[in-house]
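Please look over the sequence and the structure below before reading on. The paragraphs that follow take a few features in turn.

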Amino acid sequence: MISLGLPRIPQRGRIFSSVFIDTFGWGLFAPLAFLYFSYNTGLSFSAIGSAVSAGTLAALPTALLAGWLVDRFSPKAVLVSSNLVTALGYGLYPFASEWTLIAVATFLVMAGDRLYWASWPVIVVDLASGRKLDATYAAVGTIKNFTVATGALASSGLTVVLGHGAADLVLALNVVTSLVAAVLLAGVRIPATRPGPEPGATEEEQENPGRPAPGWRDAFTDHAFTGFCFFFMLLTFAWALPSTILPAYSVEIMELPDWTPALFLGINSVAIMLAQMPVTARVSHVPRQRLIVRSGLIFVVVFTGLYLVTKVPATTAIVVLVPVMLTFTLGEMISLPAANALVASSAPAAIRGRYMSLFQLSWAVSGLFIPLLAGFVLDRGALWVCAAFGGIALLAAIGIQATAYRIAPADRPGPTPRGAKTGAPRPDHPSDEAASHDPGPSESTRPVSTKDVT
């Protein structure tokens, strides 16, 4: 496989090809997903929307089940299953002619999504460590943005040529790409290593291997981690800017042309495609916690700028919004790989899936409340929008600063009892990173002491 600047991890050809194929198929169908039910049923948009919402909400608890499955079986098994479940859900779409079937099909698709995000970040930890984690997550983000965009463009072209008939074709292609991705992932060889004693375990615990295995209680009582997940959930509210907030804000509040939301969303996607991996490499010397805090402060600046541009003429506003959107994209790019890597590499090996599934709930929970908040503040004007979302970003940055540095070191070698105060460098300090060290397979899969996202 051509390098393309992709990080050198084992079997990267299969890994990155599966991501490319899977997300291309999703990009093909995503623009037509909601319309598909309108084309094939006599239901109103309100009925379709309520069925989709019901299926999405019902799938929310599967995130926790996914974490248990990852720890009980393996991240690879769950990742392959996620593609199969997703293919089954999309396969039901042509038969979803009534409310209940739409809800069931949506449930399966969203359940597959929950399985995917609980297992994918964990499988990366089995193949990479140190700052290669960040680089790998950055590469996945780059590939996803590229393939979703190209898939959406291909879908638009097919719709122009075939009209409504394109929906059935792109749906079939989406199912096929999910199955192909599952086959590729099934062939990935993951080193089978049995987790040893947790590095932070006491002598008594290490001498008593028959003690109860760690589980959900350990994850929920890790207050630094759960606190971080809560404040990161607040941070994810800012991610609603390109797709949820800005379209209505720019057209209805700023009275800009109807084509401006697509322009700014395109700027965001293209910038990520071109700059995500170079930016991640550029900030590889900065502690992950600091990057996530900085992103919160960047989002505060973005929403402040978003309010200030309402004071200038429309033509000037369009020009000024370009650097505002690029600044927002920078916040995304520095925080997302860092957050995923921080959580995935710092969770106890035996319950890494549980940690990751809790972390991924950050996105699912905020997704339930963002539309409600956005609708409320958009009705009240620019100041309300920017004060609400900017204030949430500031609160998130403060909370992450208070909690993220208390999470046990991600990649520091050697045992460090949880809660111990030493003169060692703080967690995730550049001197502790493996940025210049390329560990062998045995190192990359060893258990680490006690997810967050981006």
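The side chains of R114 and D113 come together in a salt bridge, with 3.3 Å between N and O. This is a predicted model, and the values given here are computed from it. R114 counts as buried because its relative accessibility is 14%, and buried means under 20%. D113 has a relative accessibility of 29%, so this residue counts as partly exposed.

Side chains of opposite charge can pair when their charged atoms come close. In the whole structure, a search finds 3 salt bridges. Another of them joins R354 to D71, at 2.8 Å from N to O. R354 belongs to helix α16 (residues 352-378) and D71 to helix α4 (residues 62-72), so this pair ties together parts that lie 283 residues apart in sequence. R354 and D71 are both buried.

A salt bridge also forms between R288 and D134, whose closest N and O atoms are 2.7 Å apart. Here too distant parts of the chain are linked: R288 sits in helix α14 (residues 288-308) and D134 in helix α7, 154 residues apart. Both of these residues, R288 and D134, are buried.

The next step is the chain as a whole. The protein chain has 18 helices and 0 strands. Of its 454 residues, 51% are buried. Its accessible surface is about 19,800 Å², and carbon and sulfur atoms account for 67% of that surface.

Part of the surface is a nonpolar patch of about 470 Å², formed by V160, V161, L162, L169 and L173. Two elements, α7 (131-162) and α8 (165-186), each give two or more residues to this patch. Which of them gives the largest share? It is α7, with 3 residues. L162 is in helix α7, and its relative accessible area of 43% makes L162 partly exposed.

Helix α8 also packs against helix α5 (residues 75-92), with the axes 9 Å apart and an angle of about 165 degrees. That angle makes α5 roughly antiparallel to α8, because angles over 145 degrees count as roughly antiparallel. The crossing of α5 past α8 is left-handed.

With a relative accessible area of 29%, A54 is partly exposed. Along the chain, A54 and T100 are 46 residues apart, and their C-alpha atoms are separated by 9.5 Å.

Methods:
Residues numbered from 1 in each chain as written. Predicted model: local features only at pLDDT ≥ 70, side-chain atom pairs only at ≥ 80, totals over all residues. Heavy atoms only, no water. Patch = residues over 30% accessible without salt bridge, like charges linked within 9 Å, V, L, I, M, F, W, Y side chains within 5 Å. Areas by Shrake-Rupley, 256 points an atom, 1.4 Å probe, with all protein chains shown as cover. Salt bridge = Lys/Arg side-chain N within 4 Å of Asp/Glu carboxyl O. Helix = DSSP H or I, 4+ residues; strand = E, 2+ residues; numbered from the N terminus. Buried < 20%, exposed > 50% of the residue type's maximum accessible area, 1.4 Å probe, protein only. Axes fitted to C-alpha atoms, helices over the stretch in contact; angles between N-to-C directions. Parallel < 35°, antiparallel > 145°, perpendicular 65-115°, else oblique. Left-handed = near helix turned anticlockwise from the far one by under 90°.
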